[in-house]
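Please examine the two-chain model shown below.

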Amino acid sequence: MLVQFYNVSKIYANGIKALDDISLKINGGEFVFLMGPSGAGKSTMIKMLYREEVPSRGQIFVASRSLVRMKRKEIPALRRNIGVVFQDFKLLENKTVYENVSFAMEVVGAHQRDIKSRALEVIQMVGLQGKEQSLPGELSGGEQQRVGIARALTNRPLLLIADEPTGNLDINTAQEIMELLYDINRKGTTVMMATHAWELVKAAHKRVITLDGGKIASDITPGDLKLCH
Amino acid sequence: MPLRNLAYFFREAFKSIARNHLLSIATVSTIAMCILILGMSVLITLNTSTFLAGLESDVEIMAYLDQELDDAGIKKVQEKMEGLSGIESITFVSREQALQKMQKTLGKQNYDLESTLGKNPLPNSFEVKAVDPHDVPELALQIEKINGVYKVNYGQGVVEQLFSTARWVRVVSLLFIVLLALGAVFLIATTIRLAIFARRKEIYLMKLIGSTDWFIRWPFFIEGIGLGALGSLLSIIILAVAYGSLLNKVDTVLFMPLVSGQDILINLYLSLFAAGAVLGIIGTGISINRFLDV
């Protein structure tokens, strides 16, 4: 079991209830879509996984470690096992593709000799070989997201979290990014992807968790998907 | 902290200084001005307090003895004075020695004091030095009470004024130095805050990727220390050249001898350099935790 939520609720300081008694389990190696309208609690849930947010009530375990009881100085070790991909890519504009990727290893204090070989390896994995020296501004949206994915993969995470990774991309490019994510999942990395894009989800035949008003509205595994819609 | 990270920290600090080079130049030169004024006021304080300490240590008590006191009585008075705490030295001055001294100061040969006066009018006395000159007024009171002492003189009035002047000079210059140091800290804090703000997106990413807080902090501390040290180095060069050339031309200002000991000056310059670095650490410390709470 990679991720466990037990009766997790989150009430923000302004009184807004983002999550309401959520319980779920995600196994290692799964590919899970997280769906739901804006404000349903997807972002809160995702932020809890890498402990940017903590629950007001309940327990969360990632790789058998409690995130609620986790001390501040233990957080970096957790985050090194989690790769995050963002809708707006969050690339450093003044750094090249290679630097954006190697940055992820540099800032966790990796050896210089490991950095180079691993960075080139993941750049190739996402299909950007030859673009190592390009700046993000010179790349298309799809290519920029590939850099974002490469960066998230650099430290060999157990869990890859993608928050609306195709939200800024056209449908063809989105499809390419999905193929890349499936490929990563096939190689053993657990992937959790929040999205609005029903077409992508429908075609995927993967587990879909739907949130609504901070509660789990449905949790459908691949075999059951055809029952829906 | 592994050595391979050290290279990264210095590279990042240098890049940040270069990226915000205009602000860095402004910070370094303002810190240089601050430390320069700081150094100048320390030098002025050093000189005045050395001068004042010299004046203070010159303060001594003259205890005049009763004319009728015989040798045994004198010995008794001396023993009683030696019993007081805080006394550095006691020197007996006989009436003959006192007269000779007076004769000397008046210009000797022209006229013979003893024959003019008929007899020696001066009393026997003791010159008393205190370990701490500030104890002089209190000691004088105690000595005055000893039987056989007829009068005590230590420059009453003048001495108290000297002490209070010295105290004020010290308080005011300390205040001035503290204010300037605060100014320098504020500047460094602002520069580092802007440097952190410029990199907030990068810092957020670093946190999410799993950087430790110290891994993120180190480059900023190095930047702050670097700016502080660079500024103080600049001011030390200016100060050393200016004070050195002043010493070459004159050795007193307004009758005040200038401090010129090489080791004192080197200590001062080293302290100013360390002060610059410490101000850098404090300034960075004030700003550093912004944007780290992710």
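Which residue in S4(A) is the bridge partner of Gln4(A)? The bridge partner of Gln4(A) in S4(A) is Phe61(A). This model is predicted, and local features need pLDDT of at least 70, side-chain atom pairs count only at pLDDT 80 or more, while totals for chains, interfaces and linings use all residues. Residues are numbered from 1 along each chain as its sequence is written, and chains are lettered from A and ligands numbered from 1 in the order in which they are written.

**The sheet of chain A**

Helices (H or I, at least four residues) and strands (E, at least two) are DSSP runs, numbered from the N terminus. In chain A, four strands make an open sheet in the order S2-S1-S4-S5, and their pairing is antiparallel. Two strands pair if DSSP finds at least two bridges between them. The edges of the sheet are strand S2 (17–26) and strand S5 (65–66) of chain A, each of which pairs on one side only.

Strand S1 (residues 3–11) of chain A is joined to strand S4 (residues 57–62) of chain A by five bridges in the antiparallel sense. Besides Gln4(A) with Phe61(A), Ser9(A) has Arg57(A) as its bridge partner in S4(A). S1(A) also runs antiparallel to S2(A), with six bridges between them; here Val8(A) stands opposite Ile22(A) in S2(A). The hairpin of S1(A) and S2(A) has five residues between the strands, and in it Gly15(A) takes a positive phi near 95 degrees.

**The sheet of chain B**

Chain B likewise has an open sheet: four strands in the order S2-S3-S1-S4, with antiparallel pairing. Its edge strands are strand S2 (87–93) and strand S4 (149–153) of chain B, and each pairs on one side only. On average, neighbouring strands of this sheet are turned by 20 degrees against each other, direction ignored. Strand S1 (residues 61–65) of chain B and strand S3 (residues 125–130) of chain B run antiparallel and are joined by four bridges. Within S3(B), Ser125(B) is the bridge partner of Tyr64(B).

Helix H3 (residues 71–82) of chain B packs on the sheet and touches S1, S2, S3 and S4 of chain B; its direction makes about 165 degrees with that of S2(B). Angles of this kind run from 0 to 180 degrees between N-to-C directions, and axes are lines fitted to C-alpha atoms, for helices over the stretch in contact.

**Packed helices**

Two packed helices are described by the angle between their axes and the distance between the axes. The table gives these values for two pairs.

| Helix pair | Angle | Axis distance |
|---|---|---|
| H3(A) and H5(A) | roughly 25 degrees | within 7 Å |
| H1(B) and H9(B) | about 60 degrees | 8 Å |

H3(A) and H5(A) are therefore roughly parallel to each other, whereas H1(B) is oblique to H9(B). Angles under 35 degrees count as roughly parallel, over 145 as roughly antiparallel, 65 to 115 as roughly perpendicular and the rest as oblique. The crossing of H3(A) with H5(A) is right-handed, and that of H1(B) and H9(B) is right-handed too. A crossing is right-handed if the near helix is turned clockwise from the far one by less than a right angle, and left-handed if anticlockwise.

In the pair from chain B, Phe9(B), Phe10(B), Glu12(B), Ala13(B), Ser16(B) and Ile17(B) of H1(B) meet Trp218(B), Pro219(B), Ile222(B), Glu223(B) and Gly226(B) of H9(B). These residues comprise seven nonpolar, two polar and two charged. Here Ala, Val, Leu, Ile, Met, Phe, Trp, Tyr, Cys and Pro count as nonpolar, Asp, Glu, Lys and Arg as charged, and the others, Gly among them, as polar.

**Domains and the contact between chains**

The domain assignment of chain B, which is automatic or from a database, gives domain 1 (3–55 + 161–287) and domain 2 (60–154). The centres of domain 1 and domain 2 of chain B, taken over C-alpha atoms, are 52 Å apart.

Between the chains, 15 residues of chain A are in contact with 15 residues of chain B, where contact requires C-beta atoms, placed from the backbone, to lie within 7 Å. On the side of chain A that touches chain B, helix H2 (75–79) and helix H3 (97–106) of chain A are the elements that give two or more residues. That side of chain A divides into seven nonpolar, three polar and five charged residues.

Key
Contact = placed C-beta atoms within 7 Å.
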